[in-house]
Amino acid sequence: MAPPPSMLLTLHAVRLLGFTDTAPAARRFRQHPDDIERLLIDAGAHGWAVRSSFGGTSGWSLTVAGRTENERLLAEELDHAGGLAVVTGVLAGFARLNAGVVAACSQLQLGWLTAASRPSGIDQATQQTFTQALVASTELEARLTAVLPRFSGYTQRLQKAVENAATDPAWLTATDRDSFHRVWFELHEDLIATLGIQR
C-alpha cells in the first residue's frame, strides 16, 4: 500500500535520484505516480523543482529553493521524530566505513580504465571491504529506521549489488544500475541532507 502523498518524500526522492522522471521518483518511496506528478507540478509552481530535457531524456531536478525546502521539511521530520542523536551517530559510523568503500571503488574504476578488458572478478581484500560495509549497514539501517522508517531498503539494495557482483563486478561501481557505489553514495546524501550539512 502506497503511503499518503508527501511533499517531503517527493522532493527528497528527486534530491536523492538527482535527475529523474516521475515514475522512478514515485518508486523511490513507494508513492503513487499520479500523486507524485501532482506534487511535482505543485513544486514547480513554487519554484522548488524544474522539468527539463537532457541527452534525449526528460526529468525533474530540484532548484536551490527546492533543496532549501527539502532541508526544512527534513529538519521538521527529524525534530518530530527526536532522531538527531541517532542520525548523527549513524553518520559517524558510516564515515568510518566510507573512506574504505570510496577507495575500493576508485581502485576498481581505475583498474578497469587501464585494463585491456574488464576483469571477471576482484581481489579478496577489495571484496572484504564491500562485505564489511554491507554487514555494518545492516546495524546502521536498523538504528535509522527505528526513528525514521523512510531509511529502510538500503541494506537490501547493497546486498543485491554484492550478489550480482559475484558474476558481474560492474555491480560494484557502475552508474547505469543500482550498484553498490551508487546506493552507498545515495545513503551518504540521505544522511547529510537529513542533518542539514554539506559533504
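Mentor: F94, F130, F180 and W184 are linked into a cluster by ring pairs. The model is predicted, so local features need pLDDT of at least 70 and side-chain atom pairs pLDDT 80 or more, while totals for chains, interfaces and linings use all residues. Residues are numbered from 1 along each chain as its sequence is written, and side-chain values use heavy atoms, with hydrogens and water left out.

Trainee: Why is the pair of F130 and F180 called edge-to-face?
Mentor: Rings of Phe, Tyr and Trp (its six-membered ring) pair if their centres lie within 6.5 Å; planes under 30 degrees apart count as stacked, over 60 as edge-to-face and the rest as tilted. The centres of F130 and F180 are 5.0 Å apart and the planes stand at 80°, so the pair is edge-to-face.

Trainee: What makes F94 and W184 a stacked pair?
Mentor: Their rings are 4.5 Å apart, centre to centre, with 25° between the planes; the limits are 6.5 Å and under 30 degrees, so the pair counts as stacked.

Trainee: Why does T155 count as buried?
Mentor: Buried means under 20% relative accessible area, exposed over 50%, and partly exposed in between (1.4 Å probe, protein chains only). T155 has 13% relative accessibility and therefore counts as buried.

Trainee: Why do F130 and F180 count as buried?
Mentor: The relative accessibility of F130 is 1%, so F130 is buried; that of F180 is 0%, so F180 is buried.
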